[in-house]
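Open the model in your viewer and keep the selection panel at hand.

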Amino acid sequence: MEEASVEGALIVQPINHKFDHSLVTSVLKKHPTKFVGCCLANPAENGTGVKQLEDLILKDGYRAVRFNPYLWPSGQQMTNEVGKAMFSRAGELGVPVGFMCMKGLNLHISEITELCTEFPSTAVLLDHLAFCKPPLNDEEKLAFSELLKLSRFPQVYVKFSALFRVSRMSSPYLDLVPLLAEVVSNFGANRVMWGSDFPYVVPESGYKGAKEAACLIASQASLSSSEVEWIMGKTVMQLFQGQWLP
């Protein structure tokens, strides 16, 4: 972060630690003005995830939560009773919900739309451009158009992150230029935020290289300096107000 001149970051609970948040919690306590924590929702059928979510937010200071649809019990959706309870409670506590649609937005767009419609006060983060790659066929075009349509919900934000996962090219991922231009045109730069996807980004472009790639893509997309400022920091600072010291 120092090398890349990044002063603060959102840390998401790593999937390989599942629901044991002790490592991330220890880092948040050690660096309270540098990091914001995003915990992982536990969609256990017995509903214990709601209490876990409350504890992580109210006791441990987490300020976001990730919904990973592939952790839901087989045959269940994020719109089930437990999912709605956690999503609603997140909104009540002022905590945004991130969606990790690793297998494609098309699989989960109806669930996300239903949750956004039913609980408009819960902010939403679409991780990694909702895994929309530059479209090559009708199915991929549909997924990207569905992403753009989510801009109708004012609570939805897009993470322009893990560029190596969504690009079909190597760094600096210039095939993402038209995608970023359209996302900013639909959502506004104040609802778009860059993210690195550390540590997975390290063998790809490096952390600093990922930031430089995002800035280059933004300039090629003819975004204004003000729009670039929003994407590279102001959006996330606005979403988590009072977290980072000026």
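How many bridges join strand 5 to strand 6? Three, and the two strands run parallel. This is a predicted model: local features need pLDDT of at least 70, side-chain atom pairs count only at pLDDT 80 or more, and totals for chains, interfaces and linings use all residues. Residues are numbered from 1 along each chain as its sequence is written, and side-chain values use heavy atoms, without hydrogens and water.

Select residues 124-126 for strand 5 and 156-161 for strand 6. Strands here are DSSP runs of E, at least two residues; helices are runs of H or I, at least four; both are numbered from the N terminus. Strands pair if DSSP finds at least two bridges between them. Pick Leu125: its bridge partner in strand 6 is Tyr157.

From strand 5 the chain passes through helix 5 (residues 138-149) to strand 6, a right-handed β-α-β crossover. Right-handed means that, with the strands pointing away from the viewer, the path from the first strand over the helix to the second runs clockwise.

Show the side chains of strand 6. Val156, Val158 and Phe160 point one way. Tyr157, Lys159 and Ser161 point the other way.

Next, select residues 192-195, strand 7. Four bridges join strand 7 to strand 6, again in parallel. Lys159 stands opposite Met193.

Zoom out. The chain has nine helices and seven strands. Of its 246 residues, 54% count as buried.

Technical notes
Buried < 20%, exposed > 50% of the residue type's maximum accessible area, 1.4 Å probe, protein only.
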